[in-house]
2 protein chains.
Amino acid sequence: MTMLETMATVDQKKSEMGDAVLADRLREVGLRPTRQRMALVDILLSQGNRHMTAESLYSEATSQGAKVSLATVYNALHTFTAKGLLREISIDSTQSYFDTNTKEHHHFYFEKSGKLEDIEPNHVKLSRVPNAPDGMSISRVDVVIRVDG
Amino acid sequence: MTMLETMATVDQKKSEMGDAVLADRLREVGLRPTRQRMALVDILLSQGNRHMTAESLYSEATSQGAKVSLATVYNALHTFTAKGLLREISIDSTQSYFDTNTKEHHHFYFEKSGKLEDIEPNHVKLSRVPNAPDGMSISRVDVVIRVDG
DNA sequence: CCATAAGATTAGAATAATTCTAGACTGCTT
DNA sequence: AAGCAGTCTAGAATTATTCTAATCTTATGG
Ligand SMILES: [Mn+2]
Ligand SMILES: [Mn+2]
Ligand SMILES: [Zn+2]
Ligand SMILES: [Zn+2]
């Protein structure tokens, strides 16, 4: 290991997925692969499905040495959501969650810890759902199962 | 109509339900029927089922001549919720809603207007629901149908 | 190439939603 | 009717979130 590699390891985590893959994912949706977004998208998309708050993403990015402001984290989360890379979930009045799993699914919400856990769509069956009023259309159906403890 | 009655009508709305009924409702759950709470509980419980935000309740109370601070409205909403007079609903990251209907039911959420509408529980059938993990128990199942427009 | 400009992005400052807590009030108890 | 033990209120403080002026990017063409 060279001196430069050692320093890089200390300063900043190397992305799991290749940087090129992440940059392409951003370009695909029409976003510029900036330094800040690369750091965020790496945390968000290089691991399995995650449920993150602005604060948790900011902490994780910061502790890996990324230089990003909290405002930029908020901007990125909303932009990524608008572009379909994330899905926003409101279950708690104090903070909103962003889900890296954009496929149809539902959630357990653990009230004590504030953690979310995915429920596969086939584990919840909605056998009767009312029609949307007028000429309006249903954009999404969310099922949240709240659990104590 | 006497002079006193006329002034009262201008200054402050008389409760639909009798004040005694509202005061009793508060005492039943162990809360003192203060002037502020009476005004709020009157707005909340004297009409049909409603979905209110702190701000909407504050505006309505204030415009009826009630002297209450916004902080007290928040305190009251949370206290009433803890005592089972209301139910809190988180569907929008910007504001939380308080529902005067505490019976089991679900919601339409109109994304454009930010309004909520009740769905009778028998209009939604959950034929398959996963068990809570471990020794944990399900405290509530919420179904939110998001509608455009 | 390099300059330019149009648009996109960042992040400090501002705002809005919500919570905290010191003081004011209530209703017992003697 | 004075004291006391909570209970309640609301101004102040905090926190989540948004706004916007300044900074960066990237496409263009000389
Ligand atoms: Mn807050
Ligand atoms: Mn806010
Ligand atoms: Zn999820
Ligand atoms: Zn409702």
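Modeller: Let's start with a term: buried area is the accessible area, taken with a 1.4 Å probe, that two parts lose on being put together, summed over both. In this predicted model, chain B and chain A bury about 2900 Å² between them.

Biologist: What makes up that buried area between chain B and chain A?

Modeller: Carbon and sulfur atoms carry 56% of it.

Biologist: Why is the pair Arg146(A) and Asp142(B) called a salt bridge?

Modeller: The cut-off is 4 Å, from a side-chain nitrogen of Lys or Arg to a carboxyl oxygen of Asp or Glu. The closest N and O atoms of Arg146(A) and Asp142(B) are 3.3 Å apart, within 4 Å, so the pair qualifies.

Biologist: And how do you know that Asp142(A) and Arg146(B) form one?

Modeller: By the same rule: N to O is 3.3 Å, which is within 4 Å, so this pair is a salt bridge too. Asp142(A) sits in strand 7 of chain A, residues 138-147, and Arg146(B) in strand 7 of chain B, and the pair crosses between chains.

Biologist: How many residue pairs are in polar contact between chain B and chain A?

Modeller: There are 18, with both residues at pLDDT 80 or more.

Biologist: What makes strand 6 of chain A and strand 6 of chain B a pair?

Modeller: Pairing needs at least two bridges, and these strands have three, so they pair. They run antiparallel, and Arg128(A) has Lys125(B) as its bridge partner.

Biologist: Why are strand 1 and strand 2 of chain A called edge strands?

Modeller: Chain A has an open sheet of three strands in the order 1-3-2, with antiparallel pairing. Strand 1 (51-53) and strand 2 (87-92) each have a single partner strand, so one side of each lacks a neighbour in the sheet. From one strand to the next, the twist averages 40°.

Biologist: How do you know that strand 2 and strand 3 of chain A pair?

Modeller: Four bridges join them, and at least two are needed, so they count as paired. Across this pairing, Arg87(A) stands opposite Asp99(A) of strand 3.

Biologist: What makes strand 1 and strand 3 of chain B a pair?

Modeller: Two bridges link them in the antiparallel sense, and at least two is the requirement, so they pair. Met52(B) has Phe98(B) as its bridge partner. This pair belongs to an open sheet of chain B, also ordered 1-3-2.

Biologist: How do you know that strand 4 and strand 5 of chain B pair?

Modeller: They share five antiparallel bridges, and at least two are required, so the pairing holds. Phe110(B) has Lys115(B) as its partner. Their hairpin has four residues between the strands, and Gly114(B) takes a positive phi near 75°.

Notes: Residues are numbered from 1 along each chain as its sequence is written. Chains are lettered from A and ligands numbered from 1 in the order in which they are written. This is a predicted model: local features need pLDDT of at least 70, side-chain atom pairs count only at pLDDT 80 or more; totals for chains, interfaces and linings use all residues. Side-chain values use heavy atoms; hydrogens and water are left out. A polar contact is a pair of N or O atoms within 3.5 Å; within protein, one must be able to donate a hydrogen and the other to accept it, and residues adjacent in sequence count only if both atoms are side-chain atoms. Axes are lines fitted to C-alpha atoms, for helices over the stretch in contact, and angles run from 0 to 180 degrees between N-to-C directions.
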